[in-house]
Amino acid sequence: MQSIKEKIQSVANSQDLEKLKVEVVGKKGILTLAFADLKNLNGEAKQSRAKELNLFKQDFEALFEAKKGEIRTLELAQKLQEENIDVSLFVGQRRGKEHYVNLMIEKIIDYFIALNFELCEGGLVEDDFHNFEALNIPKFHPARDMQDTFYTQDGKLLRTHTSPVQIHVMKKKTPPLKIIAPGAVFRRDYDLTHSPMFHQVEGLVVDSYGKVGFSHLKLILEDFLKYIFGDIVVRFRSSFFPFTEPSAEVDISCVFCKGDGCRVCSHTGWLEVLGCGIVNHAVFESVGYKDVSGYAFGLGVERFAMLYYGINDLRSFFEADLRVIG
Ligand code: DAH
């Protein structure tokens, strides 16, 4: 008994304690065998041996339970210690990064700020005059359709492009002026390549009549696109916008296949990246400007960011894709 007691005292974990229990009261345990041996005894000897064994058993059980409790407390403390999370522990800081759309806006405006363009911002809610009328977008133009524009109940609308900033600025200031206006725009469009909210950057240059023309526009946009996309070829394609005349769309050689043709450029070798033109005189008239010339351009920021950062799904800008927004 003494040695068993000592053994129990020295046990340090629940597995060893269970093992010891088996050694004592298991099928072939010493106590079980000792009880079995009683059959070889008789009379008083048997009685006193049985009493002795029962006492031993009681002692053992008491010691066992006490030890079991002790070990359980110990093991629980150990487990808590191991699983403890020190929330105050400094493990290095994971900083978020700026959204690619904002990075791209900054990159774009950096270029124009360096050329003394003034940074302007307009409101997101516009009226028909600033968003359409003053920009020479006629009443029957499809852009005014309820399908394309979000109208508010009080007859206002969410701007469908950044061009209305041109109107606000021209109404407030006198030429010459050079402005760059980034911001969110809204259209009732939603599919793989269209989002109801996206971003544009608008540019406008106005000076006295004849002082700025298409050659300036061409020079600056070509240089700007090379600043953003590096070693590319730029081409101007004749196009139409109500607020510019003449108008052009600008393509760059595909940044992925270098013009050979791939899936991104629909095997044309070219990517359309912005719209531009010489400001239509109807626009100047709507703000009361006389004897001026100007050029304007507009671009989609998400498109620039997708091409520049190699992002192939427009939706990743607006969903919780941490590679893009994290
Ligand atoms: N506002 C046009 C659009 O949303 C983009 C644009 C084209 C702006 C030509 C301009 C421009 O200033 O000259 O599609």
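## Helix 3 against helix 4

Let's start with a pair of helices in this predicted model. Helix 3 covers residues 30-37 and helix 4 covers residues 43-83; their axes come within 10 Å and cross at roughly 160 degrees. Angles over 145 degrees count as roughly antiparallel, and helix 3 and helix 4 are therefore roughly antiparallel to each other. The crossing of these two helices is left-handed.

Which residues of helix 3 and helix 4 meet? From helix 3 come L31, A34 and F35, and they meet R49, L53, N54, F56 and K57 in helix 4. Sorted by class, this contact of helix 3 with helix 4 has five nonpolar residues, one polar residue and two charged residues.

## Helix 2 against helix 4

Helix 4 has another partner to look at. Helix 2, made of residues 14-25, packs with helix 4 at an angle of about 170 degrees, and the two axes are 10 Å apart. Helix 2 and helix 4 are therefore roughly antiparallel to each other.

On the helix 2 side, the contact is made by S14, L17, E18, L20, K21, V24 and V25, while helix 4 brings F56, F60, F64, K67, K68, I71 and E75. These residues divide into eight nonpolar, one polar and five charged.

## Helix 5 against helix 10

Now for another arrangement. At what angle do the axes of helix 5 and helix 10 cross? Helix 5 (residues 100-114) and helix 10 (residues 301-309) have axes that cross at roughly 95 degrees and come within 9 Å. Angles of 65 to 115 degrees count as roughly perpendicular, and helix 5 and helix 10 are therefore roughly perpendicular to each other.

By class, the contact of helix 5 with helix 10 has eleven nonpolar residues, no polar ones and two charged ones.

## Around the ligand

How many residues surround the ligand? There are 15, and the closest are H161, S163, R187, Q200 and E202.

Some contacts can be followed atom by atom. An N or O atom in the side chain of E202 is 2.6 Å from an oxygen atom of the ligand. For the side chain of Q166, an N or O atom is 3.3 Å from a ligand oxygen. F297 takes part through its backbone: a polar backbone atom of this residue is 3.4 Å from an oxygen atom of the ligand.

## Details of the backbone

Where is P176? This proline lies in the loop between helix 7 (164-172) and strand 4 (177-186). The peptide bond leading from P175 to P176 is cis, with omega near 5 degrees.

E245 and P246 are also joined by a cis peptide bond, and here omega is about 0 degrees. P246 has its place in strand 7, residues 244-253. Finally, look at N136, in the loop between helix 6 (128-131) and strand 3 (157-158). Its phi is near 65 degrees, which is a positive value in a residue other than glycine.

Conventions. Residues are numbered from 1 along each chain as its sequence is written. This is a predicted model: local features need pLDDT of at least 70, side-chain atom pairs count only at pLDDT 80 or more; totals for chains, interfaces and linings use all residues. Side-chain values use heavy atoms; hydrogens and water are left out. Axes are lines fitted to C-alpha atoms, for helices over the stretch in contact, and angles run from 0 to 180 degrees between N-to-C directions. Helices (H or I, at least four residues) and strands (E, at least two) are DSSP runs, numbered from the N terminus. Angles under 35 degrees count as roughly parallel, over 145 as roughly antiparallel, 65 to 115 as roughly perpendicular and the rest as oblique. A crossing is left-handed if the near helix is turned anticlockwise from the far one by less than a right angle, and right-handed if clockwise. Contact means heavy atoms within 4.5 Å. Ala, Val, Leu, Ile, Met, Phe, Trp, Tyr, Cys and Pro count as nonpolar, Asp, Glu, Lys and Arg as charged, and the others, Gly among them, as polar. A residue is near a molecule or strand if one of its heavy atoms lies within 4 Å of it. A polar contact is a pair of N or O atoms within 3.5 Å; within protein, one must be able to donate a hydrogen and the other to accept it, and residues adjacent in sequence count only if both atoms are side-chain atoms.
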